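Hello,

Here is the structure for your files.

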Amino acid sequence: MEVQTSDLKQVRKAAGLTQAQLAQLTGVSRQTIIATERGDYAPSVYLALRISRALGSTVEEIFSLQEESP
């Protein structure tokens with residue numbers, strides 16, 4: 001399974017936050033937010049919860065699972 005994070009950037013921008021601001025709110029580096037938005041990094045459940053709370057959203061709205069093609 002692969003975590004899809006394409007909605008993270010849209011939700012972050014809609015919340016009026018920069019990557020640096022979201023990083024500060026969630027206690028991670030800006031590079032972690034960048035990698036997560038690109039889909040290069042799948043956050044832990046704990047980080048996904050912190051991100052969703054910081055954005056006033058739910059984990060399900062920001063992150064989704066997709067089956068990988070064989």
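**Salt bridges and a helix crossing**

Arg-12 and Glu-37 are both buried (under 20% relative accessible area with a 1.4 Å probe, protein chains only; exposed is over 50%, partly exposed in between). The model is predicted, so local features need pLDDT of at least 70 and side-chain atom pairs pLDDT 80 or more, while totals for chains, interfaces and linings use all residues. Residues are numbered from 1 along each chain as its sequence is written, and side-chain values use heavy atoms, without hydrogens and water.

The side chains of Arg-12 and Glu-37 form a salt bridge, 2.4 Å from N to O (a side-chain nitrogen of Lys or Arg within 4 Å of a carboxyl oxygen of Asp or Glu). Arg-12 belongs to helix H1 (residues 6-14) and Glu-37 to helix H3 (residues 30-38), so the pair ties together parts 25 residues apart in sequence. Helices are DSSP runs of H or I, at least four residues, numbered from the N terminus.

The count is two salt bridges. Asp-40 and Arg-38 also meet in one, at 3.7 Å, N to O. Asp-40 is exposed, at 57% relative accessible area, and Arg-38 is exposed at 62%.

The axes of H3 and helix H2 (residues 19-26) come within 8 Å and cross at roughly 110 degrees (lines fitted to C-alpha atoms over the stretch in contact; angles run from 0 to 180 degrees between N-to-C directions). The contact (heavy atoms within 4.5 Å) is made by Gln-19, Ala-20, Leu-22, Ala-23 and Thr-26 of H2 with Arg-30, Ile-33, Ile-34 and Glu-37 of H3.

Regards

How values were computed:
Helix = DSSP H or I, 4+ residues; strand = E, 2+ residues; numbered from the N terminus.
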